[in-house]
Amino acid sequence: MKRRLLFGERMLLGDGTEPFNAVIPFRLRGTFALKDIQQALAQIQKKHPWLRALISHDEKNIPWYNVPDNPVSIPVRIIARQSEDQWQEESRREWNTTFNYEKLPLIRFVWIKGENVSDMLFAFHHCLCDGGSAMAFLKEFLAVLDNPAADIGIENPILGIQDVVPAKILNSRRQKLKAKFIGRLAATAIKCIPVGKNAVERQKDYLIHWKLDEAVSKELIAYCKSQEVTVNTFLSASVLQAFKKVRGEKSFNKVSCPVDIRRFANQIKEDHIFAFGLMIVVSSDEKLSFTDNLRAMQKSVEQKTSKLNPYITMMVMESGHDALKNFTKLLKNGKSSNDCMFSNLGRIQIPHQYKEFSVDTIFSPSVIGPLGNTTTMVTSTYRGEMDFSFMGSEGYLPYTDALAVRDEVMQIIHSQLKQMAVS
């Protein structure tokens, strides 16, 4: 089985010399044997062909996924557990470790082994899949780790754009011309945008992690319902205000928010290994109060989301493979224009109690890569607790500023909840 990488996947892959890695850490209570972990990893590989895939380049230097007849197992690295926060150190190590994708899969596993508590990490190249896909294979891994006989099915993989875009759109002459026209226009515009000779020097990467306890998380969800806004909009507004306060004139009043493509393209199933995402940019109106802003932003988010068209977007991108080099250069060397990427994975639907072990917590994923501003905040909710991972690099956002942004976000959350309690 083989397929050519899509435009977005090629962009994330780059030339393979710079890692663009995502990490999902989780904590289990119980005792484990290496053979059982390897067996569970083999079962998720058996289900998902792209977890077995290697990458090779054809004569035009275009990368292809190839699933070998004799697949290579997911590599496992084991270290002794010495502290509660060791998973953060290992996450940073995994961000910066490239994948030898010609010989090994684009995924690996780290076991921080303790006596009764283990922290485990899935690290994968972002070109392989997004956070949604990763949560699906994490759920399957836990199911077969607990019960090797559990039926997790077999994925019917996406083999190209034709498996995502309905045939009537993909083969429509009008839509093809539209996609090609937009693609050419974008490619020409990208060529004309001035970019610096060199990318911003990233300097040291960092990870800041924190949680809201169950009571505060519950209050926050209730507050958002009372304001008729999503948690996503509330947190985006908080992040924007925090950046404005901490960064002042250096802030951009822009947060990029990924939107799960599965909401719009039902051909992509929950358990598909797939990396393509959609994006909207959220800003606040400085003339409005925080609560008025929330409603204005919610309206704007709904308008922007309703205009997203995954099919045309994919067709445009697939018509622009020859512009990939210029587009990547723009992302790497162009001036930063947003404060951060903010992604909310929502509630993680993974059981807590299994027969053989329990899942203590699932930490929000972290991701960092070479395509411009690395500042990213990811949140998710597991067992009622909202969990935050905040990644960045000194060259884009100094660590001290990132800590101040975190404190300010927390301050905003608590002050809004306090106001609700008073009213």
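I began at Asn61, which is found in the loop between β3 (54–57) and β4 (63–66); helices (H or I, at least four residues) and strands (E, at least two) are DSSP runs, numbered from the N terminus. This is a predicted model, where local features need pLDDT of at least 70, side-chain atom pairs count only at pLDDT 80 or more, and totals for chains, interfaces and linings use all residues. Residues are numbered from 1 along each chain as its sequence is written, and side-chain values use heavy atoms, with hydrogens and water left out.

**Positive phi**

I noted a positive phi of about 65° for Asn61, although it is not a glycine. Most residues other than glycine have a negative phi. Asn61 is exposed, with a relative accessible area of 52%; buried means under 20% relative accessible area, exposed over 50%, partly exposed in between (1.4 Å probe, protein chains only).

Glu228, in the loop between α7 and α8, also has a positive phi, near 60°. At 70% relative accessibility, I count Glu228 as exposed.

**Ser217**

Next I looked up Ser217, in helix α7 (residues 214–227). Is Ser217 buried or exposed? Its relative accessibility is 0%, so Ser217 counts as buried. Leaving aside neighbours within four places in sequence, Ser217 is in contact (heavy atoms within 4.5 Å) with Leu212, Gly384, Glu385 and Met386. I also found Ser217 and Thr381 8.5 Å apart, C-alpha to C-alpha, though 164 residues apart in sequence.

**Cores**

A nonpolar core is a set of buried Ala, Val, Leu, Ile, Met, Phe, Trp, Tyr and Cys residues joined through side-chain atoms within 4.5 Å. The largest has 60 residues, and Phe234, Leu235, Phe274, Phe390 and Ile413 have the most contacts inside it. Helix α8 (residues 231–247) gives the most to this core, with eight residues. Not counting residues up to four places away in sequence, I see Phe234 touching Leu220, Tyr223, Cys224, Phe290, Leu294, Ile413 and Gln416.

**Helix α12**

I checked the span of α12 (residues 399–422): its 24 residues reach 35 Å from first C-alpha to last, close to the 34 Å expected at 1.5 Å a residue. The expected span is 1.5 Å times one less than the number of residues. Its buried residues include Asp401, Glu408, Ile413 and Gln416. What covers the buried residues of α12 includes β8 (205–212), α7, α8, α9 (290–306) and β15 (385–393).
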